[in-house]
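Please find below a colleague's note on the model under discussion. It is arranged as numbered points for reading beside the coordinates.

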Amino acid sequence: MIRFDAVTKRYPDGTEAVDRLSLEIPDRSITVLVGPSGCGKTTTLRMINRMIEPSSGTILLDGRDIQQQPVNALRRSMGYVIQNAGLFQHRTIVDNIATVPRLLGWDRQRSRTRAMELMERVGLDPSMAKRYPYQLSGGQQQRVGVARALAADPPVLLMDEPFSAVDPVVRKGLQEELLRIQAELGKTIVFVTHDIDEAIRIGDMIAVLRTGGRLAQFAPPDQLLAAPADAFVEDFLGADRGIRRLSFFTSAGLEINPEPVVAADSTADQVTARATPGIPYVMVTDTEGRPLGWADPVERAAGDETLVPYGRPFAPGRDSLRAALDSAVLSPTGWAVAVDKEGRVMGVASQETIADAIRRAHAEHEQGGHKQSADAAAHEDEQSAGVTG
Ligand SMILES: Nc1ncnc2c1ncn2[C@@H]1O[C@H](COP(=O)(O)OP(=O)(O)OP(=O)(O)O)[C@@H](O)[C@H]1O
Ligand SMILES: [Mg+2]
């Protein structure tokens, strides 16, 4: 665990970048530092590996003051990833990744084997090993940066806006990759971003900093969205926080109605048998059970083949209540289509059913019942630490 104890950083020109920061960064999970530009995120991160020394206060790593530890050993126990990857331009990809193992005195062969292993781990094709950084896309370079930081298997990863320079699609891919790697390796990751959505997506814990380097709130994303500590945090979270919070609620318990579903080759009698009181539609599927569209059961039975689009289905249990609600909102009938792993229709759910499930989820969470959700399942070692600051 990394612990900040009343840490202040005042630069020589008098700028107070970090002000009496106290923070407990839990082991083997992702803690995100988020806040507006200039609020002291980079300063805070760099104090952990002593690239910047605090003016006062202490930082403890596993209970030991980092000031008392040799700086080289400290840095080797911490991988460091920055925006634009910060790769050595005159070295090949494989040599970039092998940098720290080589510094640690590993022989060439072992360092390269390790580098190749890591390329695979971060989703880079081995054929890129001999290329130079300029021969890679921004997203690929960023993966190299992550691989390089992981090369000597350090317990701690410090990441300073690692994915900020790439487009939103590539960025989402990198975030998913990081979560996948984290599920396998269980590092203690401190991740800096100014993007609150990124923080919510990847963070187990989020520290919101305000200008002047003061901690505004420290909480898991679900709690942050549910109960921002003050107007600054609420403002920083932006609009839709109620809707966004639904991504932490599972759709597992949602009632799915399997009745109003018919295959495209159904007879008029079969369609009529599937018409359900109170539901003016039937969901028509192909012969494999995949959704095709909505139909009026009376008109369909009379031979009309018109289909109304169904939007985007959701997978109960795997998707969140946010996805279920989105599915219902996108569907012109107001009904969400539930599908299994193979994309076959399991049934439908009304907006009212989803609204009930949302109310139940809120009630459960308020009672402190911390249910693991579809999205939160990717976040291992969920912390139940409370709100401070
Ligand atoms: N070497 C320095 N000397 C003086 N002031 C500095 C120095 N480095 C940073 N600062 C100031 O300290 C404050 C915090 O800077 P820091 O780089 O930690 O912010 P940040 O939160 O990482 O911002 P950004 O999101 O823009 O990267 C800013 O006001 C910055 O101008
Ligand atoms: Mg910064």
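1. Basis of the note. This is a predicted model, in which local features need pLDDT of at least 70 and side-chain atom pairs count only at pLDDT 80 or more, while totals for chains, interfaces and linings use all residues. Residues are numbered from 1 along each chain as its sequence is written, and chains are lettered from A and ligands numbered from 1 in the order in which they are written.

2. Domains. The protein chain falls into domain 1 (2–245) and domain 2 (261–361), with bounds that come from an automatic or database domain assignment. Between the C-alpha centres of domain 1 and domain 2 the distance is 43 Å.

3. Database annotation. An unreviewed UniProt entry places the feature "domain: ABC transporter" at residues 2–237; UniProt positions are given in the numbering used here, feature names are shortened, and annotations may be inferred rather than shown by experiment. Helices (H or I, at least four residues) and strands (E, at least two) are DSSP runs, numbered from the N terminus.

4. The four-stranded sheet. An open sheet of 4 strands runs in the order β2-β1-β4-β5, with antiparallel pairing; two strands pair if DSSP finds at least two bridges between them. Its edge strands are β2 (16–25) and β5 (64–65), each of which pairs on one side only. Strand β1 (residues 2–10) is joined to β2 by 6 bridges, and the two run antiparallel. Arginine 3 faces glutamate 24 in β2.

5. The three-stranded sheet. A further open sheet, of 3 strands, has the order β11-β12-β13 and mixed pairing. β11 (261–263) and β13 (291–295) stand at the edges with a single partner strand each, so one side of each is left without a neighbour in the sheet. From one strand to the next the twist averages 30°, where axes are lines fitted to C-alpha atoms, for helices over the stretch in contact, and angles run from 0 to 180 degrees between N-to-C directions. β11 pairs with strand β12 (residues 282–285) in the parallel sense over 3 bridges, and valine 262 stands opposite valine 284 in β12.

6. The β9–β10 hairpin. Strands β9 (residues 205–210) and β10 (residues 214–219) pair in the antiparallel sense over 5 bridges, with leucine 209 opposite leucine 215 in β10. The hairpin has 3 residues between the strands, and glycine 212 takes a positive phi near 95°. Glycine 213 also lies in the loop between β9 and β10. Glycine 213 counts as buried because it has 24 C-beta neighbours inside 10 Å (buried: 20 or more other C-beta atoms within 10 Å of its own; exposed: 12 or fewer; partly exposed: in between; C-beta atoms are placed from the backbone).

7. Ligand 1. Residues around ligand 1 include Tyr11, Lys41 and His194, where near means that the C-beta atom, placed from the backbone, lies within 6 Å. Helix α1 (residues 41–48) gives the largest share of this shell, 3 residues. By class, the shell has 3 nonpolar, 7 polar and 2 charged residues (Ala, Val, Leu, Ile, Met, Phe, Trp, Tyr, Cys and Pro count as nonpolar, Asp, Glu, Lys and Arg as charged, and the others, Gly among them, as polar).

8. Glutamine 182. This residue belongs to helix α7 (residues 168–185). Glutamine 182 counts as buried because it has 22 C-beta neighbours inside 10 Å. Glutamine 182 and arginine 3 are 179 residues apart in sequence and 21 Å apart in space, C-alpha to C-alpha.
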